[in-house]
Amino acid sequence: MTKKRKHQEDFQKVKLKVGKKKPKLENATDTTFKTKAIQIPEQLKEDGVLPTQNRKLNIKDLLSQMHHYSPGVKHNALLGLKDLLSQYPFVIDAHLSNIISEMAAVFTDKDSGVRGAAVHLLQFLASKIRAEQIAPFFPLVSAHLSSAMTHISEGIQEDSLKVLDVLLEAYPALLTDRSSILLKNFVELISHQQLSKRLKSREKLSWMLSVNPNRRVTSQQWRLNVLTRLKKFLQAVVDGSSEIEDEGLQEQKDSPHSVRNPVCISWKVHANNQQHIQLFENGGLRPKINSSFRLRSLASVMDSAEKGLSSAENLKGFIEIIIPLLIECWIEASPAQSAPILGNLLESESQQLMQQVLSIIHLLWKLTKRHDETYKMELWLRMNYLVDFKHHFMRHFPYSLQETVKHKKKDSCKGNKYCMTSSNSVDHLLLNLTLCDIMVSLASTSTLQTDSGWLDMIRKFVTDTLQDGSKLNSKQVNRLLGVTWRLMQIQQNKGKT
């Protein structure tokens, strides 16, 4: 009985009386509070200020669509970016970092339409952005370009050359600062390393030309495309190094028109603040300052980690890799392979490839002459490459173009954009003169008797060209004068000269 009573006392029911309020529970929540709306008009107004394009999308909306999984959305976003930035150019400066990072990321996109739109946007931005503005973001662009050039997909590799064309045209100096990385990418585009057991024991890995049957173009056409860009890149390197040399000469040499007026300084008068000395007014037109400090853009070229081709060791290493590959390209395009009966007659595509091979070697030879130990470099080049050059280059010298007559309609060239370029880019005289310039640079006064065979061929060709009387363009004249001057320098016999 006691347990039952205790249970009833603990859980007693409260009896509610009619007309009286229900008592509040002990854990009841008080809900008697008031709320007020918070308005921040400035934050709401910010997105409204951003300009929009035709589809009412602002710069933030378009950049966010670049991460979409659909290729169509990304393609439309790139087109919308181009329209928006062309209508409102001031948006470029405000969002330059985001625009460049998002655009460069799609260089390696799977869809060809997205990559094509990215190239068009880059081309548009290159006309609006100065080199100083894009310089802080250029390492990112260069990294995405390198990953596109070395990508496993053939389509991405082909489109990377289009990106390279835009950057070479707009920012050659920024691109050549990263020559050590990009030159290796050029090599990997047309070749692969030999990994046989015999070559693994060697210290240096050798490279051999690669053939990919999955490409839309032939192997020879693909190599021509890559070598054309490599020639442009090396030309930018040569032009950049010549500018740096010119600046150095201006600092070292005084202007011939400068007049130096001596200043007599009295220390007592100067100490009493009665004589004012202007530091540079008597120092000529360009004051000479003996200082080891340089701007970062120039110092980066001479940096130990990023010397590129300005270092003699790096230049030798690149020559050792690229020259055997260029000789293989030459052998494939040589007339002995294409048509043994025709002798030294060349087809148009073969001649274009051979022209690029010789132009690249000519530019590398120019870079070797920029170093202090030019004589040692010439001896090294002669010892390593003269035998191969004589065998392959001078075998069918001089070369001439094979005229192929095809019976086609007159309007066949209208729809073909390559028709004019292929006919205009063929210049057999420049090909022969470039070959002469490369070969003559390997000869010297002490080796005249040894080299008399092929030197007589070159001397005869130069004489015939000078006596021909035909008009030469600036490139042909420049190359002809270089060959003639070198022949006169090394020639001992004045009668032959």
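Arg-486 has a relative accessibility of 18%, so this residue counts as buried (buried means under 20% relative accessible area, exposed over 50%, and partly exposed in between, with a 1.4 Å probe and protein chains only). Arg-486 lies in helix H24, residues 474–490; helices are DSSP runs of H or I with at least four residues, strands are runs of E with at least two, and both are numbered from the N terminus. Leaving out residues up to four places away in sequence, Arg-486 touches Glu-378, Val-440, Ser-441 and Ala-443, where contact means heavy atoms within 4.5 Å.

A word on what you're looking at: this is a predicted model, in which local features need pLDDT of at least 70, side-chain atom pairs count only at pLDDT 80 or more, and totals for chains, interfaces and linings use all residues. Residues are numbered from 1 along each chain as its sequence is written, and side-chain values use heavy atoms, with hydrogens and water left out.

Now step back to the whole chain. There are 24 helices and four strands, and 36% of the 497 residues count as buried. Take the contacts with a separation of 6 or more: 74% of them are between residues 24 or more positions apart.

Which residues have the most contacts inside the largest nonpolar core? They are Ile-323, Leu-364, Phe-389 and Ile-458, in a core of 116 residues. A nonpolar core here is a set of buried Ala, Val, Leu, Ile, Met, Phe, Trp, Tyr and Cys residues joined through side-chain atoms within 4.5 Å. Helix H17 (residues 312–333) gives this core its largest share, eleven residues. Pick out Phe-389 and you'll find it touching Ile-323, Ile-327, Ile-361, Trp-365, Met-394, Ile-438, Met-439 and Leu-442, not counting residues up to four places away in sequence.

On to the helix pairs. Two packed helices are described by the angle between their axes and the distance between the axes. The axes are lines fitted to C-alpha atoms, for helices over the stretch in contact, and the angles run from 0 to 180 degrees between N-to-C directions.

Start with H17 and helix H20 (residues 374–392), which pack at about 10 degrees with axes 11 Å apart. That angle makes H17 roughly parallel to H20; the cut-offs are under 35 degrees for roughly parallel, over 145 for roughly antiparallel, 65 to 115 for roughly perpendicular, and oblique for the rest. On the H17 side, the contact includes Ile-323, Ile-327 and Trp-330, while H20 brings residues including Trp-380, Tyr-385 and Phe-389. By class, the residues of this contact are eleven nonpolar, one polar and three charged. For that count, Ala, Val, Leu, Ile, Met, Phe, Trp, Tyr, Cys and Pro are nonpolar, Asp, Glu, Lys and Arg are charged, and the others, Gly among them, are polar.

Next, look at helix H22 (residues 428–440) and helix H23 (residues 452–468), whose axes come within 11 Å and cross at roughly 140 degrees. H22 is therefore oblique to H23. The crossing of these two is left-handed, meaning that the near helix is turned anticlockwise from the far one by less than a right angle (clockwise would be right-handed). Among the residues making the contact are Cys-436, Met-439 and Val-440 of H22 and Trp-454, Ile-458 and Phe-461 of H23. The tally is nine nonpolar, two polar and no charged residues.

Helices H4 (residues 71–87) and H7 (residues 112–126) also cross, at roughly 15 degrees, with axes that come within 9 Å. So H4 runs roughly parallel to H7, and their crossing is left-handed. The contact takes in residues including His-75, Leu-78 and Leu-81 of H4 and Ala-117, Leu-121 and Phe-124 of H7. It divides into ten nonpolar, four polar and two charged residues.

Helix H19 (residues 348–368) is where Ser-350 sits. Is Ser-350 buried or exposed? With a relative accessible area of 6%, Ser-350 is buried. Gln-220 and Ala-333 touch Ser-350, residues up to four places away in sequence not being counted. Lys-366 is also in H19, but at 34% relative accessibility Lys-366 counts as partly exposed.

Finally, find Asn-212 in the loop between strand S2 (207–209) and helix H14 (219–252). Asn-212 counts as partly exposed, at 25% relative accessibility. Neighbours within four places aside, Asn-212 is in contact with Glu-154 and Ser-219.
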